[in-house]
Amino acid sequence: MKKTIVSGIQPTGSINIGTYLGSIRNFVKTQVDYQDHHFFLFIADLHAITVPQEKQTLRKHIKELAAIYLACGLKKDNLSLFIQSEVKAHAEMNYLIQCFTYMGELERMTQYKDKAQKQTAGVTSSLFTYPALMAGDILLYDAEYVPVGDDQKQHLELTRDIATRMNNKLGNVFTVPKPLIPKVGARIMSLTDPTSKMSKSDPNIKSRIHLLDEENIVRKRIMSAITDSEGVIKYDRQNKPGLSNLIDMMSALTDQSPEAIAQSYQSANYKTFKEDLAEQVVNTLKPIQERYHSLINSDELDQILDDGKAFAEKIASRKIDKLHHKLGLGRKRK
Ligand code: TYM
């Protein structure tokens, strides 16, 4: 088996430019940089139901995300694209991983603390054990690399600890994975509140740009993004978080450093910079939207998901069998 790369995104809303710059753009790059690796990429629908979801909306977002992945430029070679819940080993692995995960470790997860606070109808135990499901996703396929945005770093560190612990106890059963976090774009902030992350679930729709938004919406959102009253273009995340977030977006979209962008707009005003950024975003999204519309209702998309499922299932079920054997579950194989 080739070396592997694993990643996933939750289908909890339409995909926004933050998720694109922090992860999908990096998936495309990673696929080019590591052509000898096999990429297991999935739609994390089991993760999505750790908080309440509406059935029809979830279904729509699952399919939408599958088409978005491909529309963003991922190649079908060396890629298994699948829906997490369709590969039953993920749910099973979650349980096995939980048997090696401590309460104290889960209690330290900052994302859990943030998300738990927002749950008005009560916090599910699956939200608490979520990092074990995620560790299982990664370890099932022996990922060498896991491309993610900055907010997943802590989950990756926990995955590495669990893998090492299980390797010590059971003999080398897993590859210990390494995160691949992009230098810029790993943490894109809300357009209306640059102190919080741009998020699929933010109730304020103006806080983000969706990959499928129409051109006039994209321009409007960027032109009205919060900046400051100083009027000077400078990259300073601490003191100018709004403007610096827009510079980060421009930087990630053009593969130039944030400092170089700030330098080249030194004598421009915010309006000119925002207009150029809006143009850049519109030009990036146009081909993605075209490919998306040709894929979303195609048989090709279903075929890719079927093939992805079949291959992922084969690899994942082998790993589950091996773990059962190592753990002494069931009967001894003859
Ligand atoms: P999720 O669905 O919250 O986000 C998907 C990916 O997008 C990145 N991201 C961002 N990057 C930059 N700026 C932002 N504003 C932004 N918002 C999101 C995230 O860091 C992430 O890489 N638990 C994961 C999904 C998952 C997973 C896995 C990932 C489940 N199993 C196994 C990797 C491997 C999550 O909730 O991502």
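Predicted model: local features only at pLDDT ≥ 70, side-chain atom pairs only at ≥ 80, totals over all residues.
Trainee: How many aromatic pairs does the count come to?

Mentor: Two rings pair if their centres lie within 6.5 Å. By this rule there are 9 aromatic pairs.

Trainee: Are the rings of Phe27 and Phe39 stacked or edge-to-face?

Mentor: Planes over 60 degrees apart count as edge-to-face. The planes of Phe27 and Phe39 stand at 90°, with ring centres 5.7 Å apart, so this pair is edge-to-face. Because Phe27 belongs to helix 1 and Phe39 to strand 2, the pair ties together parts that are 12 residues apart in sequence. Both Phe27 and Phe39 are buried.

Trainee: Which parts does the pair of Phe40 and Tyr141 tie together?

Mentor: Phe40 lies in strand 2, whereas Tyr141 lies in the loop between helix 7 and strand 4, so the parts tied together are 101 residues apart in sequence. The ring centres of Phe40 and Tyr141 are 4.4 Å apart and the planes are at 20°, so the pair is stacked. The relative accessible area is 0% for Phe40 and 2% for Tyr141; both residues are buried. Ring pairs also link Phe40 and Tyr141 with Phe42, Phe82 and Phe311 in a cluster.

Trainee: Which residues touch the most other members of the largest nonpolar core?

Mentor: They are Ile17, Tyr20, Tyr69 and Phe273, in a core of 62 residues. Helix 12 gives the most to this core, with 10 residues.

Conventions
Residues numbered from 1 in each chain as written. Heavy atoms only, no water. Phe/Tyr/Trp six-rings, centres within 6.5 Å; stacked < 30°, edge-to-face > 60°. Helix = DSSP H or I, 4+ residues; strand = E, 2+ residues; numbered from the N terminus. Buried < 20%, exposed > 50% of the residue type's maximum accessible area, 1.4 Å probe, protein only. Core = buried A, V, L, I, M, F, W, Y, C linked by side-chain atoms within 4.5 Å.
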